[in-house]
Amino acid sequence: MLLWAAVAAMLEGSLAAVVVAKTFNASELLINIAATTPLAAYMTSLFWGLVCVGRRKVRIFTLCASGAVTLLALGGMVPLTAGGTVAFIVLMGVAQFFLTGVVTVRSALWKSNYPQKHRGRIVARLQIARSMVYLLVVALIARVFDHNPDYYRWVYPIFALLGVCSLWFIGKTHVRGEDAELARRAEPDSVAENLVKPVSLLDAVSPGAIFKNAFRILRVDETFRKYCIAQMYTGCGNLILRTVVIVILTNHLLANMSAVYWISVVLLEALPMLVRLGTMPRFAAYYDRVGVVRFRVINGTCWLITNILGACGAAVVFFSDSIGANYVVWAVILFACLAIGRGVCAGGGAIAWNLGHLHFAKSDDAEMYMGIHVSLTGLRGLIMPFVGIVIWNGFGLGVFLVSITLSMIALRKFWIMDREERLVAAKDERDDS
C-alpha cells in the first residue's frame, strides 16, 4: 500500500488542477473541471458497491488499480496543446473512476479485516503511512515541475511503474471470512434476511438496479438518511470554495512569484497533510470512543472555523490597497492558517469519511452504504465547485458567506443527531438497569 500511495498522490487532491493551470496554461473552466473530477468520480461508487457484492474483493481491487495505473501512464504522453489539455483531464478523470473503485473496495476490506472497536486506530495508522508517502510525493513533484513543467512526460509514467509493482503485493491480501460470506449469500434464505443479492456487471450499470438498492437503504434507515443530509451540507460548504481558493492563490496572490508551484502545493497540499498526520492518531482514539455522530459535531465545528479563516485571507487579497504593502505577508499567514485548519479537519475526516457509514451499516450491506456515501460525495463534488465559481464571478467574497452558512446548518444537524443518540442510549441504559 505504500507503493500504491505514491500512485494515488498523482491522482488525488489539487496536483492535477495545478498542472492544468500552470503547465497547460488552461482557462478557469478547465482548471475547475480538473479540480472537480476527483470528487465527481465518486458518483460511480454505487456501481462499484454493487459490483463488490458477492465477489472477491481483492480481484476487484486489482482490476481497479490496474486501470488507474494504465491511465496515469498515458497522462504523460499528451502534448502541450489545447487538445492535449482536454485529453489530460479526460485521462485523469477516467483514472479517478477506477480509483473510486479502489476506495469502495478498500472500505469493504477494512470492514472484514479489522474489529469495530479498534478500527479507527488501525485505519489511522494505515492512513498516516499513506499520507507520509503522499506528502513526500507532492513536495518532490512540485519542485520538479518548478524546474521544468515539461517533465510531466516522464513523471507520470514513472509513477505508473510504481503502481505496477504495488499490484504484486496487493494480490496477496487476505480477506477474513470472505468464503463464509460468499457462501451465505448463495443460500436461498439470504433473500429473507434482506441482503443485497449479487448482480451481473450489466445490471450493475443499470440505473434501475443502482437506485433501487440505494433508495431501499435510505428509506429503511432513517438515521443514516439524516446523516447523509448533514454530510451534504458539510460537503457543500467546503467544496464551494475548492476551486475558488486555487484561483485566488495561483492567479491573484502568487501570480508574479517564481515558485508558484512550490508555494501553491505547500498551502494546498503539503501543510494540510503535515497537520493531518499530527492530528489523526488523537482523532482516531476519540472516534473509537464516541462514535461517528458525536465526532462529526467536533469535526463540523473545525470546518466552520476553517472556512471563516479562508474568508479572512481572501478579504486581505482583495482589499490589499487598504492594507498596504504588507498585504502579501498577511494573506500568506491567513491562507497558512486555512491550510492548518483544513489539516485538522482532514485528520478527523480521514477517519470518519472512511468508517462513518459502518456505524449504520449491517455487516452484509457495508459496500452499499459506502457506495451511497461516496456517490453523494461525488454528486456535491461535481456540482458545488462550479456553483462556487459562479458565485465568485457574480458576487466575489459572497461565496465565503454562503460556505459559512452551509457549515453552520450542517453543524446544527449533527448536534441534533448527537442529542437524539444520547437520549436513546440513556433510555436503553435505564431499561437495562
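## Burial and overall form

The model is a predicted one, in which local features need pLDDT of at least 70 and side-chain atom pairs count only at pLDDT 80 or more, while totals for chains, interfaces and linings use all residues. Residues are numbered from 1 along each chain as its sequence is written, and side-chain values use heavy atoms, with hydrogens and water left out.

The accessible surface of the chain comes to about 18600 Å², and 66% of it belongs to carbon and sulfur atoms; accessible areas come from the Shrake-Rupley method with a 1.4 Å probe, and for residues only the protein chains shown count as cover. Along the principal axes, the C-alpha atoms fill a box of roughly 70 × 50 × 35 Å. The radius of gyration of the chain is 22 Å, which agrees with the value near 22 Å for a compact globule of 433 residues. This radius is taken over C-alpha atoms, and the globule rule is 2.2 Å times the number of residues to the power 0.38.

## Secondary structure and contacts

The chain has 19 helices and zero strands. Helices (H or I, at least four residues) and strands (E, at least two) are DSSP runs, numbered from the N terminus. Contact means heavy atoms within 4.5 Å. Among contacts between residues at least 6 apart in sequence, 82% join residues at least 24 apart.

## The largest cavity

Rolling a probe the size of a water molecule over the atoms shows where empty space is left. A cavity is a set of points, on a 1 Å grid over the protein atoms alone, where a 1.4 Å probe fits but cannot get out; lining residues have an atom within 4 Å of a point. Grid points are joined across faces, edges and corners, and a volume is the space filled by probe spheres set on the points. By this rule there are four cavities of 30 Å³ or more.

The largest cavity has a volume of about 1200 Å³. It is lined by 39 residues, of which L39, R242, R276, W303 and A346 are the closest to its centre. Helix 17 (residues 327-355) gives the most to this lining, with seven residues. The lining of the largest cavity has 16 nonpolar, 14 polar and nine charged residues, where Ala, Val, Leu, Ile, Met, Phe, Trp, Tyr, Cys and Pro count as nonpolar, Asp, Glu, Lys and Arg as charged, and the others, Gly among them, as polar.

## The second largest cavity

About 60 Å³ of space lies in the second largest cavity. Its lining includes L11, A16, V20, A34 and T37, together with P38, F88, I89, M92, G93 and Q96. Helix 2 (15-22), helix 3 (28-40) and helix 6 (82-113) each supply at least two lining residues, and helix 6 gives the most, with five. By class, the lining of the second largest cavity divides into eight nonpolar, three polar and no charged residues.

## Buried helical positions

V244 lies in helix 13 (residues 242-253) and is buried, with a relative accessible area of 0%. Apart from neighbours within four places in sequence, V244 is in contact with G388, I389, W392, V399 and F400. The C-alpha atoms of V244 and A314 are 9.6 Å apart in space, although the two residues are 70 residues apart in sequence.

C64, in helix 5 (residues 57-75), is buried because its relative accessible area is 0%. Leaving aside neighbours within four places in sequence, C64 is in contact with W48, F98, G101 and V102. C64 and V102 are 38 residues apart in sequence, with 5.9 Å between their C-alpha atoms. V137 is placed in helix 7 (residues 116-147) and counts as buried at 7% relative accessibility. Not counting residues up to four places away in sequence, V137 touches A6, A9, M10 and F159; V137 and A6 are 131 residues apart in sequence and 6.4 Å apart, C-alpha to C-alpha.

M1 lies in the segment before helix 1 (2-11). At 53% relative accessibility, M1 counts as exposed. Not counting residues up to four places away in sequence, M1 touches F61 and I170. M1 and R130 are 129 residues apart in sequence and 7.3 Å apart in space, C-alpha to C-alpha.

Note on methods:
1 Å grid on protein atoms, 1.4 Å probe; cavity = no way out; pocket = protein on both sides within 12 Å on 5 of 7 lines; lining within 4 Å. Buried < 20%, exposed > 50% of the residue type's maximum accessible area, 1.4 Å probe, protein only.
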